[in-house]
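Grab a pencil and open the viewer. Try each exercise yourself before you read its solution.

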Amino acid sequence: DGYRALIAVAGGKAKIFTRSGKDWTDKFPAIAEAAAALETDGTLIDGEIVAFDRNGKTDFSSLQRAIKAGGRDLSCFCFDLLCDDGEEIAGLPLVERKARLEALLGEGSAPLIYSAHVRGSASKVLRQICSAGHEGIVAKRADDPYRSGRGKSWLKVKCTKRQEFVI
């Protein structure tokens, strides 16, 4: 229900990039300002930019409206750290990268929200997420290094059960 983004922080400034490399910093000024205020230099955060509806759920229509209104009422769920204060850490296991991300963000609050992880109990977590009306979960291997794009290290599990086929 959001836009995947990479947030680069260096020299007291932040830039926000799409997965295809487009600079969208101007679309998300509050997120860029919050990232620029982090006490770090040479840092790259992976996340998803979202907007919340009146019920506190992420909603793509709300995201589109917020962007058109200047991009102020948005948040970013930060779920991975690829560079930490100038150190390339994409090769470290996910749990280590997330520990560093949590140390950087703390628990996080809007607009930068640390996306906590849950070990085990995936089916229970998925049921809770789905019953609350959310889209789904992303399951990742805790000991794997970062890999961009699709692969076997992670799996997106949606709440809606449907299949697509070409006619």
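Predicted model: local features only at pLDDT ≥ 70, side-chain atom pairs only at ≥ 80, totals over all residues.

Residues are numbered from 1 along each chain as its sequence is written, and side-chain values use heavy atoms, with hydrogens and water left out.

**Exercise 1. Find which residues of helix H2 are buried, and work out why they end up on the same side.**

Step 1: Helices (H or I, at least four residues) and strands (E, at least two) are DSSP runs, numbered from the N terminus. Buried means under 20% relative accessible area, exposed means over 50%, and partly exposed is in between (1.4 Å probe, protein chains only).

Step 2: Go through H2, residues 60–68: Ser62, Leu63, Ala66 and Ile67 are buried. They cover an arc of only 135° around the axis, which puts them on the same side of H2. That arc is taken from the directions from the helix axis to the C-beta atoms.

Step 3: Recall the general rule. An α-helix has 3.6 residues a turn, so residues three or four places apart point the same way.

Step 4: Look at both sides. Strands S1 (3–10) and S3 (43–50) are among the things covering the buried residues. The face turned away from the buried side carries the exposed Arg65 and Lys68.

**Exercise 2. Describe how S1 and S2 pair.**

Step 1: Two strands pair if DSSP finds at least two bridges between them. Here S1 and S2 are antiparallel, over 5 bridges.

Step 2: Check the turn. The hairpin has 2 residues between the strands, and glycine 11 takes a positive phi near 60°.

Step 3: Now the faces of S2 (residues 13–17). Ala14 and Ile16 make up the covered face, while Lys13, Lys15 and Phe17 sit on the uncovered one.

**Exercise 3. Sort out the aromatic rings: how many pairs are there, and which residues form a cluster?**

Step 1: Set the rule. Rings of Phe, Tyr and Trp (its six-membered ring) pair if their centres lie within 6.5 Å; planes under 30 degrees apart count as stacked, over 60 as edge-to-face, and the rest as tilted.

Step 2: That rule gives 4 aromatic pairs. One of them is tryptophan 24 with phenylalanine 28, a tilted pair with 6.1 Å centre to centre and 50° between the planes.

Step 3: Now try phenylalanine 52 and phenylalanine 77. Their centres are 6.0 Å apart and their planes at 80°, so this pair is edge-to-face. Phenylalanine 52 lies in the loop between S3 and H2 and phenylalanine 77 in strand S4 (residues 75–84), so the pair ties together parts that are 25 residues apart in sequence.

Step 4: Check the surroundings. Phenylalanine 28 is buried, at 1% relative accessible area, whereas phenylalanine 52 is partly exposed at 35%.

Step 5: Find the cluster: Tyr3, Trp24, Phe28 and Phe60 form one.

**Exercise 4. Which way does the phi of aspartate 85 go, positive or negative?**

Step 1: Start with the background. Most residues other than glycine have a negative phi.

Step 2: Find aspartate 85 in the loop between S4 and strand S5 (87–88).

Step 3: Read off the angle: aspartate 85 has a positive phi of about 55°, although it is not a glycine. At 49% relative accessible area, aspartate 85 is partly exposed.

Technical notes:
Contact = heavy atoms within 4.5 Å.
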